[in-house]
Amino acid sequence: MNDALNQLQPYPFEKLRALLAGAQPPSEKKAIALSIGEPKHRSPAFVAEALSANLDQLAVYPTTLGIPALREAIAAWCGRRFGVPAGWLDPARHVLPVNGTREALFAFTQAVVNRVDSSQEPGLVVSPNPFYQIYEGAALLAGAQPHYLACLQEHGFNPDFDAVPSEIWRRCQLLFLCSPGNPTGALIPLETLKKLIQLADEFDFVIAADECYSELYFDEQQPPAGLLSACAELGRSDFARCVVFHSLSKRSNLPGLRSGFVAGDADILKSFLLYRTYHGCAMPVQTQLASVAAWNDEEHVRANRALYREKFAAVLDILGGVLDVQRPDGGFYLWAKTPVDDETFSRELFAREHVTVVPGSYLSRSVDGLNPGANRVRMALVAPLAECVEAAERIRSFLQND
Ligand SMILES: Cc1ncc(COP(=O)(O)O)c(C=O)c1O
């Protein structure tokens with residue numbers, strides 16, 4: 001067996017199951033899960049219709065490159081959303097469909113990391129900490145060494161990139177960004193993105209910007225910038241060293257469709273396409289056609305954001321005075337500070353109130369004795385409004401009765 005498999009950490013939900021095993025929550029209180037980041041709002045009916053209208057495509061082998069109609073719809077969406085000037089994103093070279101960002105983040109790392117023999121230092125895959133665990137597993141299985149950058153409150157829950165020594169950038173092969181962040185909800189400012197692009201040029205590494213939460217924001221007039229916006233501002237029409245990851249899962253409540261895309265540097269995507277051809281992960285044509293319909297519509301995305309806005313306002317109103325928690329810049333998580341350690345908080349909350357949250361330390365790693373997720377929990381506001389409100393009320397009474 002592949003030795004690197006032994007380096008993989010148990011997934012946070014496995015740790016959570018073990019933590020909660022044996023607890024006996026009150027049966028009269030219905031279980032409420034704020035733990036899983038699975039969108040629960042209704043999927044758009046027109047996407048389901050586009051999917052079922054194209055089932056004749058079941059008889060067709062899809063190509064890894066995808067159909068032109070999808071790549072064109074994606075390039076046009078990137079132009080509208082991130083201000084990429086017309087003609088910069090060539091749908092034939094700068095865009096690839098992927099089956100959700102999860103598989104793409106994993107596969108991309110395998111394609112980018114250059115293995116070295118055991119006499120040399122392994123390359124680094126640099127990521128935020130806390131982070132989406134796929135980054136770490138992908139790095140380890142690619143033969144790289146993960147390097148974590150703490151996302152602390154005093155730095156707006158973003159890594160302090162200015163404090164990273166040149167030696168780390170020199171060894172860096174791939175930098176993961178996540179904006180809005182999971183679990184912190186922090187946005188990486190446009191100026192920081194531009195600085196990181198300069199560093200990528202100076203030290204020759206690739207930036208993978210996981211922007212799968214980019215469409216969940218609060219101010220309709222101010223959609224968050226992304227790595228493509230930074231390229232546009234810099235006049236970087238070749239998107240050199242930059243690749244973005246987007247998904248319909250959160251934007252359009254379609255986690256079961258398994259549809260997203262990567263866009264950016266054409267040379268990198270050419271190699272990634274080669275990798276994917278062998279990997280065998282082409283998107284079914286009916287899924288591609290349904291995805292075209294989803295990328296071409298913003299009305300359902302605005303309605304989606306309105307639902308999250310309503311839930312964040314209601315929940316924060318209830319928790320405001322009792323828990324140290326702020327509205328994030330984007331995404332659908334609250335990243336709350338706990339009055340006791342995060343495992344105890346999560347276990348007791350489950351045992352007494354039948355509400356499940358994720359201990360922050362399960363989403364991050366200790367570096368030099370510091371775990372940036374310690375004494376925090378992640379709460380996903382994905383359930384319907386009434387359920388989120390009920391959960392918030394139970395958390396408030398849990399804290400007040402403590
Ligand atoms: C930060 C982050 N990236 C990527 C993903 C994967 O999403 P999908 O594969 O549905 O696009 C998730 C899912 O929860 C996530 O939280």
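These legends accompany several close-up views of the structure above.

The model is predicted, so local features need pLDDT of at least 70 and side-chain atom pairs count only at pLDDT 80 or more, while totals for chains, interfaces and linings use all residues. Residues are numbered from 1 along each chain as its sequence is written, and side-chain values use heavy atoms, with hydrogens and water left out.

**View 1. The ligand sits in the largest pocket.** A pocket here is an open set of points on a 1 Å grid over the protein atoms alone, where a 1.4 Å probe fits, with protein on both sides within 12 Å along at least five of seven lines. To sit in one, a molecule needs more than half of its atoms within 2 Å of the grid points. There are 15 residues around the ligand, and Thr 101, Asp 210, Tyr 213, Ser 247 and Ser 249 come nearest; a residue is near if one of its heavy atoms lies within 4 Å. This shell divides into 6 nonpolar, 5 polar and 4 charged residues, where Asp, Glu, Lys and Arg count as charged, Ala, Val, Leu, Ile, Met, Phe, Trp, Tyr, Cys and Pro as nonpolar, and the others, Gly among them, as polar. Helix H4 (101-112) and helix H9 (248-251) each supply at least two shell residues, and H4 gives the largest share, 3 residues. Helices (H or I, at least four residues) and strands (E, at least two) are DSSP runs numbered from the N terminus.

**View 2. Side chains meet oxygen atoms of the ligand in polar contacts (pairs of N or O atoms within 3.5 Å).** For Ser 249, a side-chain N or O atom is 2.6 Å from a ligand oxygen. The corresponding distance for Tyr 213 is 2.7 Å, and for Asn 182 it is 2.8 Å. The protein covers 92% of the 400 Å² of accessible area that the ligand has on its own, by the Shrake-Rupley method with a 1.4 Å probe.

View 3. Pro 183 lies in the loop between strand S5 (172-178) and helix H7 (190-203).

**View 4. A cis peptide bond joins Asn 129 and Pro 130.** Omega is about 10 degrees, and Pro 130 belongs to the loop between strand S3 (124-129) and helix H5 (134-141). Most peptide bonds are trans.

Technical notes: Polar contact = N/O pair within 3.5 Å; in protein donor to acceptor, adjacent residues only side chain to side chain. 1 Å grid on protein atoms, 1.4 Å probe; cavity = no way out; pocket = protein on both sides within 12 Å on 5 of 7 lines; lining within 4 Å.
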